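Student: I would like to learn how to read the features of a protein model. May we go through one together, step by step?

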Amino acid sequence: MSKTIAEFRNVSFRYDEEQPWVLKNVSFTIRENEWVAIIGHNGSGKSTIAKLMNGLLFPEEGEIFIDGLAVNEETVWDVRRNVGMVFQNPDNQFVGTTVQDDVAFGMENRGFPREQMIQRIKETLHAVRMDKYLLTEPHRLSGGQKQRVAIASVLAISPQILILDEATAMLDPKGRKEIMETVSEVQRTQELSLITITHDLHEVVQAERVIVMNEGQIWKEGTPREIFLEKEALRQIGLDVPFVTLLANELNKHGLQIADEPLNHEELLEDLWTLHSKM
């Protein structure tokens, strides 16, 4: 069993004393090298979790630990060495005049030696397939390319946790697919914990575990398959399920007994082929 890399202990948070709680007594753990998707309707508290984990906010009640270190104003810079975030709009993260300048920025702030910086720029841009754009100005890149550079900029500081906060929301389906393929490969090869906060069901089904937020509390935790079995309950809290799962449900209603709850087209086709072979 891998060790716990992040932990929320009975965390509650509100932005203002006059406003309702955004998070209410939230507790969960993230393990090393684990991919966890956090989903929920707008206002459910999922993006607040990301900001608390990175020390952009601090809990009003409860405690947060990153690699055993309590997150507070004294430890925030140490925490941010371990937690990297990529946001929805990559333009908000660019600070350099070229791609290489942008990737170098975080390392410069942390005092990386020049030789190490050069090597890390090369490695991280190669990891996100952007090594050919070293001297390109960021504003000349496509939306998907900008997100790749934003991810490279975070990876350059070697975080233990990478958080994508709706990082593919502004991309078209092709761009989202390419970014998630890149992120999946990076997570596997660099052995980091990945947290995706998303509305995209294709991203959710790739995760190892899903945390469902509803009205500031954890509604349910489980594997993607376990979560999407709760079709009607998910609809009641404003969430959807993958189209493939709905299609399999309709096929079952019409007498085609799909053995599993497929989460993607490949699984559905395999189930249909198995069913056909038995006929």
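Student: In which loop is R129 found?

Tutor: Please keep in mind that this is a predicted model. R129 is found in the loop between helix 4 (114-127) and helix 5. The phi of R129 is near 60°, a positive value in a residue other than glycine.

Student: Is R129 buried or exposed, or does it fall in between?

Tutor: Buried means under 20% relative accessible area and exposed means over 50%. R129 has a relative accessible area of 46%, so it counts as partly exposed.

Student: Where is N25 found, and what is its phi?

Tutor: N25 belongs to strand 2 (residues 23-31). Its phi is near 55°, again a positive value in a residue other than glycine.

Student: How should I read a sheet, and in what order do the six strands of the open sheet lie?

Tutor: The general idea is that strands of a sheet pair through backbone hydrogen bonds, either parallel or antiparallel. In this model, six strands form an open sheet in the order 6-7-8-3-9-10, and the pairing is mixed. At the edges are strand 6 (83-86) and strand 10 (217-222), each of which pairs on one side only. From one strand to the next, the twist averages 20°.

Student: How many bridges join strand 7 to strand 6, and how many join strand 7 to strand 8?

Tutor: Strand 6 and strand 7 run parallel and are joined by four bridges. Here G84 stands opposite L162 in strand 7. Strand 7 and strand 8 also run parallel, joined by five bridges. In this second pairing, L164 stands opposite T196 in strand 8. Between these two strands the chain passes through helix 6 (residues 173-190), and this β-α-β crossover from strand 7 to strand 8 is right-handed.

Student: Which residue of strand 8 stands opposite A37?

Tutor: That residue is T196.

Student: What can be said about the two faces of strand 7?

Tutor: As a general idea, in a regular strand the side chains alternate between the two faces of the sheet. In strand 7, I161, I163 and D165 lie on one side and L162 and L164 on the other, and all are buried. Because five of the five residues of strand 7 are buried, the strand is largely enclosed by the rest of the structure.

Student: Which helix lies across strand 6 and strand 7?

Tutor: Helix 5 (residues 143-155) lies across strand 6 and strand 7 (161-165). It runs at about 170° to strand 6.

Student: How do strand 1 and strand 4 pair, parallel or antiparallel?

Tutor: Strand 1 (residues 4-13) and strand 4 (residues 61-66) are antiparallel, with five bridges. In this pairing, S12 stands opposite E61 in strand 4. Strand 4 is also joined to strand 5 (residues 69-70) by two bridges, and these strands run antiparallel. The bridge partner of F65 in strand 5 is A70. The hairpin of strand 4 and strand 5 has two residues between the strands, and in it D67 takes a positive phi near 50°.

Student: How many aromatic pairs does the structure hold, and how is such a pair read?

Tutor: A pair of aromatic rings is described by the distance of the centres and the angle of the planes. The structure holds two aromatic pairs. One is formed by F8 and F28: it is stacked, with 4.6 Å centre to centre and 20° between the planes. This pair links distant parts of the chain, F8 in strand 1 and F28 in strand 2, 20 residues apart. F8 is buried, with a relative accessible area of 2%, and F28 counts as buried at 4%. F13 and Y15 form an aromatic pair that is edge-to-face, with 4.7 Å centre to centre and 90° between the planes. F13 counts as buried at 7% relative accessibility, whereas Y15 is partly exposed, with a relative accessible area of 43%.

Student: Lastly, what feature does UniProt place at residues 6-240?

Tutor: The UniProt record, an unreviewed entry, places the feature "domain: ABC transporter" there. In this model, the span of residues 6-240 is 37% helix and 24% strand. Its end C-alpha atoms lie 28 Å apart.

Definitions and conventions:
Residues numbered from 1 in each chain as written. Predicted model: local features only at pLDDT ≥ 70, side-chain atom pairs only at ≥ 80, totals over all residues. Heavy atoms only, no water. Pairing = 2+ DSSP bridges. Axes fitted to C-alpha atoms, helices over the stretch in contact; angles between N-to-C directions. Contact = heavy atoms within 4.5 Å. Buried < 20%, exposed > 50% of the residue type's maximum accessible area, 1.4 Å probe, protein only. Right-handed = clockwise from strand over helix to strand, strands pointing away. UniProt positions renumbered as here; feature names shortened; annotations may be inferred. Phe/Tyr/Trp six-rings, centres within 6.5 Å; stacked < 30°, edge-to-face > 60°.
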